[in-house]
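Here is a short report on one protein chain. Keep the structure in view and follow along, element by element.

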Amino acid sequence: MRLDRFRELLREQLAAHPGIASIEEYQVPSTTGFAVRFSDGVTIRLRAFATAPPGGDDTSKPEKIVVKSESVSGVARAPAGVPVRPPYRTGRDAGDGPFAS
């Protein structure tokens, strides 16, 4: 995701939160940031930067937007032939080890 689209997404997500009173842009020498003021009066400043590895995203060309495909139920499925494993868990919730009941 390119920086401009990320900033738009970030602004949308922040604006949807009921605890945020306002979002204002501010300029610094190398980028634009957001000053986010919460309903309790606290203000934080956020800045986002874009980097790419050598030979990475060519910003002179239009962004290629990739969307994850979903099944009919809305749950993403692994590609054919890729084994699906449950997440690895340890400790009290794992059901094994010293905390097993």
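## Asp4 and its salt bridge

At 55% relative accessibility, Asp4 counts as exposed, because the cut-off for exposed is over 50%. The model is predicted, so keep that in mind throughout. Asp4 forms a salt bridge with Arg7, and the closest N and O atoms are 3.9 Å apart. Arg7 and Asp4 are separated by about one helical turn, because they are 3 residues apart in helix H1. Is Arg7 buried or exposed? Arg7 counts as buried, because its relative accessibility is 15% and buried means under 20%.

## The chain as a whole

Step back for the overview. The chain has 101 residues, and 17% of them count as buried. Its secondary structure comes to 1 helix and 3 strands. Read from the N terminus on, the elements run α-β-β-β. The accessible surface comes to about 8,700 Å². Carbon and sulfur atoms account for 54% of that surface. Now take the contacts between residues at least 6 apart in sequence: 25% of them join residues at least 24 apart.

Strands of a sheet pair through backbone hydrogen bonds, either parallel or antiparallel. Look at one pair here. S1 and strand S2 (residues 31-38) run antiparallel, joined by 8 bridges. S1 and S2 form a hairpin, with 2 residues between them. Two pairs of residues can be picked out along it. Tyr26 has Gly33 in S2 as its bridge partner. Gln27 stands opposite Thr32 in S2.

Where does the helix go?

Leu46 lies in strand S3.

Which residues does Leu46 contact, leaving aside its neighbours within four places in sequence? They are Leu10, Leu14, Tyr26, Gly33, Phe34 and Val36. Take Phe34. Leu46 and Phe34 are 12 residues apart in sequence. In space they are 5.1 Å apart, C-alpha to C-alpha.

## Salt bridges

How many salt bridges does the count give? The count comes to 5 salt bridges. The table includes three of them.

| Pair | N to O distance |
|---|---|
| Asp57 and Arg2 | 2.7 Å |
| Arg7 and Asp4 | 3.9 Å |
| Glu25 and Arg11 | 3.6 Å |

Start with Asp57 and Arg2, whose side chains meet in a salt bridge. Asp57 lies in the segment after S3 and Arg2 in the segment before H1, so the pair ties together parts that are 55 residues apart in sequence. Asp57 counts as partly exposed, at 47% relative accessibility. Arg2 counts as buried, at 17% relative accessibility.

Next come Glu25 and Arg11, which also form a salt bridge. This pair links distant parts of the chain: Glu25 is in strand S1, Arg11 is in helix H1, and they are 14 residues apart. Arg11 is partly exposed, with a relative accessible area of 30%.

## A patch on the surface

Which residues make the nonpolar surface patch? Met1, Phe6 and Leu9 make it, and the patch covers about 280 Å². Phe6 is found in helix H1 (residues 3-15). Phe6 is partly exposed, with a relative accessible area of 35%. Residues of a patch need over 30% relative accessible area, so Phe6 passes that cut-off.

Note on methods
Residues numbered from 1 in each chain as written. Predicted model: local features only at pLDDT ≥ 70, side-chain atom pairs only at ≥ 80, totals over all residues. Heavy atoms only, no water. Patch = residues over 30% accessible without salt bridge, like charges linked within 9 Å, V, L, I, M, F, W, Y side chains within 5 Å. Areas by Shrake-Rupley, 256 points an atom, 1.4 Å probe, with all protein chains shown as cover. Salt bridge = Lys/Arg side-chain N within 4 Å of Asp/Glu carboxyl O. Helix = DSSP H or I, 4+ residues; strand = E, 2+ residues; numbered from the N terminus. Buried < 20%, exposed > 50% of the residue type's maximum accessible area, 1.4 Å probe, protein only. Pairing = 2+ DSSP bridges. Contact = heavy atoms within 4.5 Å.
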